[in-house]
Amino acid sequence: MPRHFLRDDDLSPAEQKEVLALALELADDRFAKRPLEGPRTVAVLFDKSSTRTRISFATGIAELGGSPLVMEAGSSQLGRGESIADTTEVLTRMVSAIVWRTFGQERIEEMAAHATVPVVNALTDEFHPCQILADLQTIAQHTGGLAAGEAALAGRSLAYLGDGANNMAHSYLLGGVTAGMDVRIAAPASHRPDPAVLARAEEIAARTGGAVTLTEDPRAAAAGASAVITDTWVSMGQEGEQGRGEATFAPYQVTEELMALSGGVFLHCLPAYRGKEVTGAVIDGPDSVVWDEAENRLHAQKALLTWLLEHPDEHTAAHAR
Ligand code: CP
Ligand code: NVA
């Protein structure tokens with residue numbers, strides 16, 4: 001059985017710590033690991049646009065000694081109706097891992113069910129778990145008290161403001177509590193997280209000492225938070241949807257006043273829309289760590305791929321869900 005990484009809770013708290021420790025190590029010494037020497041090929045498939053994910057996986061796979069095969073999935077026969085099962089059967093006979101950015105989570109779950117190599121979620125409508133690994137690494141790097149190789153995140157808080165129902169909100173919930181963090185989601189009543197994800201986050205928090213807070217008050221969420229985070233109000237595929245404008249989300253814009261309330265750092269997965277979910281003064285200001293966060297995609301994903309390839313025989317935590 002290969003290990004897959006389809007959602008944030010596919011890594012146990014101890015496993016997530018191992019991956020983050022390796023990410024920190026790779027940030028210091030980029031060529032410390034060469035698990036793809038050969039070169040072995042990793043397929044990186046996109047059903048949606050991407051800048052960071054595409055560049056960081058292509059670069060990271062090459063730095064691990066491998067050969068990245070980056071493809072628009074729509075230009076393969078998948079785009080003409082070949083099934084996910086048949087596509088996976090072919091891929092899995094040739095490549096060492098598959099990374100996929102797609103729409104519904106059920107699509108990547110289906111691929112994983114047919115794959116004999118690790119499958120990694122590079123963003124679905126529901127989750128963006130690779131981004132959260134990079135974000136946790138960034139928070140650990142910037143909020144102090146971090147011994148080499150040890151991501152000291154437990155007990156810290158992160159506040160995510162804006163669309164509480166999107167992939168980033170869901171991944172902060174699961175990934176944050178896995179790290180033992182206090183995850184605060186401030187969102188309008190119309191855009192709350194999926195109740196099943198909230199319940200799962202609460203279950204994990206009960207074991208890790210983390211916590212989950214859902215509020216409509218951005219100030220309450222930001223107060224004293226180690227990190228204040230936001231994301232676009234219109235995710236890929238949601239263009240043209242009703243109720244995604246300023247009338248819904250304006251109170252959740254991250255401003256200098258909210259940052260002052262927090263005293264923490266500002267993160268954004270990017271791409272960012274200045275004047276919408278965040279002011280230019282915040283994202284381009286002294287509390288912003290968004291460029292380190294973007295760079296950490298490289299280190300975190302290299303760590304993840306290395307870890308998955310080194311743990312082929314253990315069951316993915318997803319089996320316990
Ligand atoms: N944050 C992120 O995933 O960026 P891309 O969409 O550019 O890959
Ligand atoms: N929520 C955003 C994240 C982009 C990286 C989207 O899905 O478009």
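Analyst: Here is a short tour, starting with the ground rules. This is a predicted model, where local features need pLDDT of at least 70, side-chain atom pairs count only at pLDDT 80 or more, and totals for chains, interfaces and linings use all residues. Residues are numbered from 1 along each chain as its sequence is written, while chains are lettered from A and ligands numbered from 1 in the order in which they are written.

User: Which residues surround ligand 1?

Analyst: The shell holds Ser50, Thr51, Arg52, Thr53, Leu123, Gln131, Cys269 and Leu270. A residue is near a molecule if its C-beta atom, placed from the backbone, lies within 6 Å of it. By class, this shell has 3 nonpolar, 4 polar and 1 charged residues. Ala, Val, Leu, Ile, Met, Phe, Trp, Tyr, Cys and Pro count as nonpolar, Asp, Glu, Lys and Arg as charged, and the others, Gly among them, as polar.

User: Where does ligand 1 lie relative to the domains?

Analyst: Ligand 1 lies between domain 1 (8-127 + 297-315) and domain 2 (131-294), because both give residues to its shell. The domain bounds come from an automatic or database domain assignment.

User: And what is around ligand 2?

Analyst: Leu123, His128, Asn166, Asn167, Met168, Asp231, Thr232, Ser235, Met236 and Cys269. That shell has 4 nonpolar, 5 polar and 1 charged residues.

User: Is Leu123 buried or exposed?

Analyst: Leu123 is buried, with 26 other C-beta atoms within 10 Å. Buried means 20 or more other C-beta atoms within 10 Å of the residue's own, exposed means 12 or fewer, and partly exposed is in between; C-beta atoms are placed from the backbone. Phi of Leu123 is near 120°, a positive value in a residue other than glycine.

User: Which peptide bonds are cis?

Analyst: One joins Leu270 and Pro271, with omega about 10°. Another runs from Gly38 to Pro39, with omega near 0°. Pro39 lies in the loop between α1 (13-28) and β1.

User: New topic: strands. How many residues of β6 are buried?

Analyst: In strand β6 (residues 182-186), 5 of the 5 residues are buried, so β6 is largely enclosed by the rest of the structure. Asp182, Arg184 and Ala186 are buried on one side, and Val183 and Ile185 on the other.

User: What pairs with β6?

Analyst: Strand β5 (residues 157-161) runs parallel to β6, joined by 5 bridges. Strand β7 (residues 211-215) also pairs with β6 in the parallel sense, over 5 bridges. Two strands pair if DSSP finds at least two bridges between them. Arg184 has Ala159 as a bridge partner, and Thr213 in β7 is another.

User: How does the chain get from β6 to β7?

Analyst: The chain crosses through helix α7 (residues 195-208), in a right-handed β-α-β crossover. Right-handed means that, with the strands pointing away from the viewer, the path from the first strand over the helix to the second runs clockwise.

User: What about β1? How many of its residues are buried?

Analyst: Strand β1 (residues 41-46) has 5 of its 6 residues buried. β1 pairs in parallel with strand β2 (residues 67-72) over 6 bridges. β1 also pairs in parallel with β3, over 5 bridges. There, Leu45 stands opposite Trp100.

User: Last one: helix α3. Which residues are buried?

Analyst: In α3 (residues 84-92), they are Ile84, Thr88 and Leu91. Seen down the axis of α3, the buried residues fall within an arc of 65°, so they line one face of the helix. The arc is that of the directions from the helix axis to the C-beta atoms. Ala85, Asp86 and Val90 are exposed on the other side of α3.

User: Why would residues three or four places apart point the same way?

Analyst: An α-helix has 3.6 residues a turn, so residues at that spacing point the same way.

How values were computed
Helix = DSSP H or I, 4+ residues; strand = E, 2+ residues; numbered from the N terminus.
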